[in-house]
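Visitor: I am new to this structure, and I would like to learn how to read its features one at a time. Could you take me through them?

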Amino acid sequence: MQARNPSSVRVAIPGAMIYTSSMTTSKFSDVDTWIFDLDNTLYPPEARLFEQIELRMTEWVVDALGVDRAAANEIRRRYWVRFGTTLAGLMREHDIDPEAYLDHVHDICLDHLEPDPGLANAIAALPGRAIVHTNGSGPYARRVIEARGLSGIFDAVYGIEHAGFLPKPERLAFETIIARDGLVPERAAMFEDDARNLVAPMALGMRTILVARASSAAPHVQHHAPDLAEFLRSLP
């Protein structure tokens, strides 16, 4: 791939060296599958959707386990740290119905999400296929994609149900989606806002990109994209 303007975009990579877009391009020249997380990746954290989701998670835990709100918040946070998602912990520790849980926690308002034509154009211009792999549900992902003006751009949308309710960062979650999709991990790039979710993709041979304001020096974070659309535009 040829960079559109190698001198105009600089992409920060963890470590002492700053990579220009032309140098970054060489590291993506053989990528034919572009994998995007959803929450805080395809929309900015300022949208604060996850605050709504967390409130509904807490409601679910209160009702399902019969605990007060403070205990429910602690359970929610503890399961997220230990199991990757609150849902994974609830399934393992309490055998809850994942589909009912997902329907409840993702029943949130998306009215303040705005279409992003720049991001849409940047994803659409990528060579090969673009897919979504999220720990949220498929129906929720498609609602967000539509609200962001990204409908029709992705070749596939995989929710946590498509991974057998296994969450990122579990390696088996990624392996399940890889097998389901038929993608070749060595020819794929993974975009994530949560650095821990890049450990398995790196081990599987993917290029890894942290989509976040702050960079990370973690060895499994190969590239840093403080602005996703700008980073993507630096590639083709």
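This is a predicted model: local features need pLDDT of at least 70, side-chain atom pairs count only at pLDDT 80 or more; totals for chains, interfaces and linings use all residues.

Visitor: How is a pair of packed helices described, and at what angle do the axes of helix α2 and helix α5 cross?

Guide: In general, two packed helices are described by the angle between their axes together with the distance between those axes. Here helix α2, residues 49-65, and helix α5, residues 98-105, have axes that come within 8 Å and cross at roughly 135°. Angles over 145 degrees would count as roughly antiparallel and those from 65 to 115 as roughly perpendicular, and α2 and α5 are therefore oblique to each other. The crossing in which α2 passes α5 is right-handed.

Visitor: Which residues of α2 and α5 make the contact?

Guide: From α2 the contact takes I53, R56, M57, E59 and W60, while α5 brings A100, Y101, H104 and V105. Sorted by class, the contact of α2 with α5 has six nonpolar residues, one polar residue and two charged residues.

Visitor: Turning to the pockets, how much space lies in the largest pocket, and which residues are closest to its centre?

Guide: The space in the largest pocket comes to about 520 Å³. Its lining is made by 28 residues, and those closest to the centre are F50, W80, G84, T85 and N135.

Visitor: Which helix gives the most to the lining of the largest pocket?

Guide: That is α2, which gives four residues to the lining of the largest pocket. At least two residues each are supplied by α2, α3 (69-83), α4 (86-94) and α5, and the lining of the largest pocket divides by class into nine nonpolar, nine polar and 10 charged residues.

Visitor: What can be read from the second largest pocket in the same way?

Guide: The second largest pocket has a volume of about 270 Å³, and among its 19 lining residues T41, P44, R213, D227 and L228 lie nearest its centre. Two or more residues of that lining come from each of α6 (117-124) and α10 (228-233), with α10 giving the largest share, three residues. The classes in the lining of the second largest pocket are 10 nonpolar, three polar and six charged.

Visitor: How many cavities of 30 Å³ or more does a search of the whole structure find?

Guide: A search of the whole structure finds one such cavity of 30 Å³ or more, and about 30 Å³ of space lies in the largest cavity. The residues lining the largest cavity are I35, H133, F174, I177, I178, L183, M190 and M206. Helix α8, residues 171-181, gives the most to this lining, with three residues. By class, the lining of the largest cavity holds seven nonpolar residues and one polar residue, and no charged residues.

Visitor: Is the peptide bond from K168 to P169 cis or trans?

Guide: The peptide bond from K168 to P169 is cis, with omega near 15°, and P169 is found in the loop between β5 (156-158) and α8.

Methods: Residues are numbered from 1 along each chain as its sequence is written. Side-chain values use heavy atoms; hydrogens and water are left out. Axes are lines fitted to C-alpha atoms, for helices over the stretch in contact, and angles run from 0 to 180 degrees between N-to-C directions. Angles under 35 degrees count as roughly parallel, over 145 as roughly antiparallel, 65 to 115 as roughly perpendicular and the rest as oblique. A crossing is left-handed if the near helix is turned anticlockwise from the far one by less than a right angle, and right-handed if clockwise. Contact means heavy atoms within 4.5 Å. Ala, Val, Leu, Ile, Met, Phe, Trp, Tyr, Cys and Pro count as nonpolar, Asp, Glu, Lys and Arg as charged, and the others, Gly among them, as polar. On a 1 Å grid over the protein atoms alone, a cavity is a set of points where a 1.4 Å probe fits but cannot get out, and a pocket is an open set with protein on both sides within 12 Å along at least five of seven lines; lining residues have an atom within 4 Å of a point. Grid points are joined across faces, edges and corners, and a volume is the space filled by probe spheres set on the points.
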